[in-house]
Amino acid sequence: MDTNTKEITANYHTHTYRCKHAIGDVIDYAAKASEKNLKVLGITDHSPFPDRRWSEARMDMDDLDDYDQSIITARKAYPNLKILKSMECDWAEEYKNFYTEEFIDKRNYDYLIGSLHFFRYKGEWIFAFSQDAGGKIREYADALIKMIESDIFDFIAHPDLFALSTLKWDKDAVKASIEICEAAKKFKIPLEINGYGFQRPLVETYEGIRSPYPVDAFWEIASDYGIEVICSSDAHMPDDVIKSIDRCNDLAKKKNLSFAHLEFMKE
């Protein structure tokens, strides 16, 4: 498909106020999505954990029923918009059963996004957006690969997030990118080109000034492996429901990447 003329009809990555760092509820995003002529809107807030881990930036378990109901309400209000119910799930091995039992078996979610905001380094949890993540590409990649290998997620959000703290695209960055793409190809899991990265402050690197992510060099490698992609806005406010998806599409075209066509994506 020619992404240069690709109409934006869907966004599969959207947050609500419940995650404590976004604004708006499902009905607000649905209103904007309808205004922008979207056909499909995926609601994918940050998943809660039974032990309240990292609760400062995600919903609480007590929010789940209300979250589900807010999607039902929006579906009734906008019957011509296909609103999908999902979660963006951080990875830790001990939560694998929780994700499948709570979101797939019990609540019948349409899909799950795998996402790595935290990873372990020498027994400590490192926040991938922090400067502490710099120089820890190996640990980030290992965790992301384990997430892919769990085979419970439908696609992986911002897989090149490690580039935010990687100011030199060296052999370690290349090796990590190759191994991530090899795992995605093996398990046939699409990777997301994330529009929210385009909205973040530019970073100055050894190779010049660029967006923290998405990073051309990573997606060049993804192209070599024939990885399928999903372009999303990762909206944190209703006005951003399609923001930067066009830039993600342009990057996909530039790198000759194919768009994923998963079952839940049918309009």
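The radius of gyration is taken here over C-alpha atoms, and the rule for a globule is 2.2 Å times the number of residues to the power 0.38. This is a predicted model, in which local features need pLDDT of at least 70 and side-chain atom pairs count only at pLDDT 80 or more, while totals for chains, interfaces and linings use all residues. Residues are numbered from 1 along each chain as its sequence is written, and side-chain values use heavy atoms, with hydrogens and water left out.

**Exercise 1. Work out which radius of gyration the globule rule gives for the protein chain, and describe the chain as a whole.**

Step 1. For 267 residues the rule puts a compact globule near 18 Å, and the protein chain, with 17 Å, agrees with this. Along the principal axes, its C-alpha atoms fill a box of roughly 50 × 45 × 35 Å.

Step 2. The protein chain contains seven helices and twelve strands, where helices (H or I, at least four residues) and strands (E, at least two) are DSSP runs numbered from the N terminus.

Step 3. Of the 267 residues, 57% count as buried; buried means under 20% relative accessible area, exposed over 50%, and partly exposed in between, with a 1.4 Å probe and protein chains only.

Step 4. Among contacts with a separation of 6 or more, 76% are between residues 24 or more positions apart, a contact being heavy atoms within 4.5 Å.

**Exercise 2. Check the span of helix α4, and find which of its residues are buried and what they pack against.**

Step 1. The expected span of a helix is 1.5 Å times one less than its number of residues. For the 13 residues of α4 (residues 137–149) this should be 18 Å, and the end C-alpha atoms are 18 Å apart, which agrees.

Step 2. The buried residues are Ile137, Tyr140, Ala141, Ala143, Leu144, Ile145, Met147 and Ile148. An α-helix has 3.6 residues a turn, so residues three or four places apart point the same way.

Step 3. These buried residues pack against β3 (82–90), β4 (111–115), β5 (118–121), β7 (155–156) and α5 (171–187). Just after α4, Asp151 takes a positive phi of about 60°.

**Exercise 3. Decide whether Asn108 and Asp234 are buried or exposed, and place each of them in the chain.**

Step 1. Most residues other than glycine have a negative phi, and most peptide bonds are trans. Asn108, although not a glycine, has a positive phi of about 55°, and Asp234, also not a glycine, has a positive phi of about 55°.

Step 2. Asn108 lies in the loop between α3 (96–106) and β4, and with a relative accessible area of 59% Asn108 is exposed.

Step 3. Asp234 belongs to the loop between β11 (228–232) and α7 (245–254), and with a relative accessible area of 4% Asp234 is buried.
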